[in-house]
Amino acid sequence: MTAHRRKLRRRLGLQGSIWISVGDEALGGSERFALLHAIAREGSITRAAKASGVSYKSAWQAIDAMNALAGEPLVERVVGGRGGGSTRLTARGQQLLDRFAQIDAAHRRFLHLLDDRSVDLDHPFSLLAVLNMKTSARNQFVGTVTSVHAGAVNDEVQITLPGGQRIVAVVTQESAQSMGLRTKMTAIALVKASSVLVATDLEGAKVSSRNQLAGTISAVTPGTVNAEVVIDIEGGGSIAAIVTERSVQSLGLAAGQRAVALFKASSVIVAVPA
């Protein structure tokens, strides 16, 4: 392997930062909150600025901007005393600093999860795997609930995927209520590969399956009895189906062939973030 190719194969990593905003204006990110932390520790704007590696003027400009955007002071001067006065956080400033620290810690943990699991281009991305969830369902689709129709016993839920495809699921009213299903919320549709049928030449045909995802077969993996067929669906994403080897032969299934993945609404399991 050449040095150029070795360089290209170096591990990809994720980096990121968070900040708190008020409307379209940034109240502060890690640097400004580090300054607040230094003020709380040092009790002096001069020492806090030095510890943060900024000038006294820049420190006060940042503090004034944060005070203005927060709607109330986060930092205040205390006049008098043996040392001639000090600078300290207000109760609101300390509360905001503590909350930012909690959010930042959670953000770093999530980034670590993503960095471990999602940037490996040799393996498919799975949101459930990133969230450390386990499921036997081969197919996992993350989308947005675009409609919920109540029935006498069951509710019909429509989930629209990022590429525009729609998946319809039937869930009990009790399940819909316990999950708090509503439009515009993120949801995950789980479908076992064994529940997916593969069809070709469906033009003009009528089928009872509510879900029909058209695309192109990208892989056919043969087995002793059954084969796995992967279809890259239009608009992005893919779906896997387990079919018999006999079906592969009779339909002539092969990579590059147009096909439709069919599955019933009752075969879809709906999950939502906790």
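How many residues has helix 4, and what does it reach from its first C-alpha to its last? I looked this up in what is a predicted model. Helix 4, residues 56-70, has 15 residues and reaches 21 Å, close to the 21 Å expected at 1.5 Å a residue.

Entry: I listed the buried residues of helix 4 and found Ala59, Trp60, Ala62, Ile63, Met66, Asn67 and Leu69. I then looked for what covers these residues; the cover includes helix 2 (30-42) and helix 3 (45-52), together with strand 1 (20-22), strand 2 (25-28), strand 3 (75-78) and strand 4 (86-89). Just after helix 4, I noted a positive phi of about 85 degrees at Gly71.

**Entry: strands 11 and 12.** I examined the pairing of strand 11 (residues 226-233) with strand 12 (residues 238-244), which is antiparallel over 7 bridges. Opposite Val229 I found Ala241 of strand 12. The hairpin has 4 residues between the strands, and Gly235 takes a positive phi near 95 degrees there.

**Entry: nonpolar cores.** I recorded 32 residues in the largest nonpolar core, where Ile231 and Ile239 have the most contacts inside it. Among the elements that give two or more residues to this core are strand 5 (139-150), strand 10 (211-221), strand 11, strand 12 and strand 13 (258-263). Strand 11 supplies the largest share, 4 residues.

Which residues does Ile239 touch, not counting residues up to four places away in sequence? I found Asn139, Phe141, Val196, Leu213, Val229, Val230, Ile231, Ile233, Ala261 and Phe263. I also noted a second, separate core of 22 residues, including Leu36, Ile45, Met66 and Phe100. Met66 is also listed among the buried residues of helix 4.

Notes
Residues numbered from 1 in each chain as written. Predicted model: local features only at pLDDT ≥ 70, side-chain atom pairs only at ≥ 80, totals over all residues. Heavy atoms only, no water. Expected span 1.5 Å × (residues − 1). Buried < 20%, exposed > 50% of the residue type's maximum accessible area, 1.4 Å probe, protein only. Contact = heavy atoms within 4.5 Å. Pairing = 2+ DSSP bridges. Core = buried A, V, L, I, M, F, W, Y, C linked by side-chain atoms within 4.5 Å.
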